[in-house]
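Colleague: Hi! Could you walk me through this one?
Modeller: Happy to, here it is.

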Amino acid sequence: MGKLGLGIAAACAVASCAVAAVMVGRRVRSRRRWWKVVTAVQELEAAAATPVGRLRQVVDAMAVEMHAGLASEGGSKLKMLLTFVDNLPDGSENGIYYALHVGGTNFRILKIQLGGQRSILGRDVERKPIPQSLMTSTSEEFFDFIALALKEFIERMGNNLQLSQVRGKDLGFTFSFPVKQTSVSSGTLIKWTKGFAIEDMVEKDVVECLQKALSRRGLDMNVAALVNDSVGTLAVGHFLDKDTVAAVVIGTGTNACYLERADAVIKCQGLLSTSGGMVINMEWGNFWSSHLPRTSYDTDLDVESQNPNDQGFEKMISGMYLGDIVRRVIHRLSIESDIFGPLSYKLSTRFVLSTPLMAAMHEDDSPDLREVAKILEETLDIRDVPLKARKIMVKVCDVVTRRAARLVAAGIVGILKKIGRDGTGGISSGRIKGYKSGKMRRTVVAVEGGLYTSYTVFREYLNEAVAEILGEEIAPYVILKTMEDGSGIGAAMLAASNSARSVDTVQVL
Ligand code: ADP
Ligand code: MG
């Protein structure tokens, strides 16, 4: 070999060494980046963990806060609002009733025909999306839209029925925002949630606004019941099953209500109710406890939200937020590694990943996670990701959803604890060993909302956690029942039961 040959051979050797070194370097860096992703996911899992011990702490905190909220106005982040509903429908209600439901992505109009004996002879439901622009408009524009929709619905349903035929008919109104109720058919808006911001409505009487809009449209109907969505759900639950004592809504937002003893409402001494009971609207979306497993993603979501420091529980569990928590985690993983390819600008867009899409990824059971790949590409502009990255995506969805569902379960058991239906001896005492299940009463909790009805994994996690917290002796006595469209139908039923009585049965002395 001549000098030239030797030189070439040496150069080749150097070049291949350099290539090998670059490749090894790349592999090491890639492994390091992958390790970073794994560590970040592990950190998320640890911060969001909900072992049963922690859930029981949340149960206790919920029961204690409920107590505090009933003891004095402002005594807790839980408002524990009086609803003035003291008698729930018992199934004997009869006739045709209408209801409106405002409170989330969709606005619903309902007509139901009740036939007594716990029977619903007919129901018509129409859903209409609320235009984004109306969510921040004026109260007049907003209620005009609702009244017009009701008028058109009545005309359509009635097969040329004259509007005069609904004259004087009772109407239930479900309004799923915090309202300070002044009677069963009046109340003022405390604040908006779920992205609504019609400023001139705050502190106004909601029924008065609706009633005026109905008149403007020539609808002579009587708003007989103003209820929150959870109260509507409790009403329909009780109509169908008399053992229903509480209701939970888990949709865009979340809330719960339950039947309390009137004498336990300490902040309202002298509350007279014919039944001795009163439905309390907890507004539990605002629940907070240091036992809640909060992550840095929750803190960031809160800081950047329209209502920082508010609705802390809701931000960890409801449909409005779950997708966005996942988006935040993936954003961080994308900054720290290239496992999701080049950083997509879409990942910094708030709410770009909706909860139904997140659920679709979570529930993708194709071997190559095709649905995950499709949603990543179409929604987040993230293409050609390896299977291991898609698996990470599913894992993150699982952690976020599991935490949410289990926290709702803890909240539900917290309510049961407050009313002595969880098999323990109340707030101060612990779990009673060898509890005589003979004393335990059948207890039904009505559950409504898209997250529970449409997201199977969420529902399964929730049901499983309720049973886990209660333990096998008590769990069989507690039944969670799905109430589709419960909140609206319940409002119509309350309109029915209230018009039947047609006198206020609750008085504040
Ligand atoms: P709202 O709370 O607006 O009254 P719903 O009870 O129907 O309405 O709940 C709608 C919410 O439920 C949506 O905002 C969404 O977050 C969630 N949701 C609906 N369908 C699904 C689904 N298939 N998977 C997961 N979440 C869903
Ligand atoms: Mg709803």
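Modeller: One term before we start: a residue counts as buried if 20 or more other C-beta atoms lie within 10 Å of its own, and as exposed if there are 12 or fewer. Keep in mind that this is a predicted model.
Colleague: Got it. Which residues are buried in helix H10?
Modeller: In H10, which spans residues 370-380, the buried ones are Val 372, Ala 373, Ile 375, Leu 376 and Leu 380.
Colleague: And why are they on the same side of H10?
Modeller: Because they cover an arc of only 170° around the axis, these residues sit on the same side of H10.
Colleague: What is exposed on the other side?
Modeller: Arg 370 and Glu 378 are exposed there.
Colleague: What do the buried residues of H10 pack against?
Modeller: Two helices: H9 (355-362) and H11 (387-418).
Colleague: And what follows H10?
Modeller: Asp 381 does, and its phi is positive, near 60°.
Colleague: Switching to strands: in what order do they form the open sheet?
Modeller: The order is S4-S3-S2-S5-S8, five strands with mixed pairing. S4 (120-129) and S8 (222-227) are the edge strands, each pairing on one side only. On average, neighbouring strands in this sheet are turned by 20° against each other, ignoring direction.
Colleague: How many bridges are there between S3 and S4?
Modeller: Nine, with S3 (residues 106-115) and S4 pairing in the antiparallel sense. In one of these bridges, Leu 114 has Ile 120 of S4 as its partner.
Colleague: Last one: which strands does helix H4 lie across?
Modeller: H4 (residues 206-216) lies across S5 (170-175) and S8, and runs at about 145° to S8.

Terms used
Residues numbered from 1 in each chain as written. Chains lettered and ligands numbered in written order. Predicted model: local features only at pLDDT ≥ 70, side-chain atom pairs only at ≥ 80, totals over all residues. Helix = DSSP H or I, 4+ residues; strand = E, 2+ residues; numbered from the N terminus. Arc of directions from axis to C-beta. Contact = placed C-beta atoms within 7 Å. Pairing = 2+ DSSP bridges. Axes fitted to C-alpha atoms, helices over the stretch in contact; angles between N-to-C directions.
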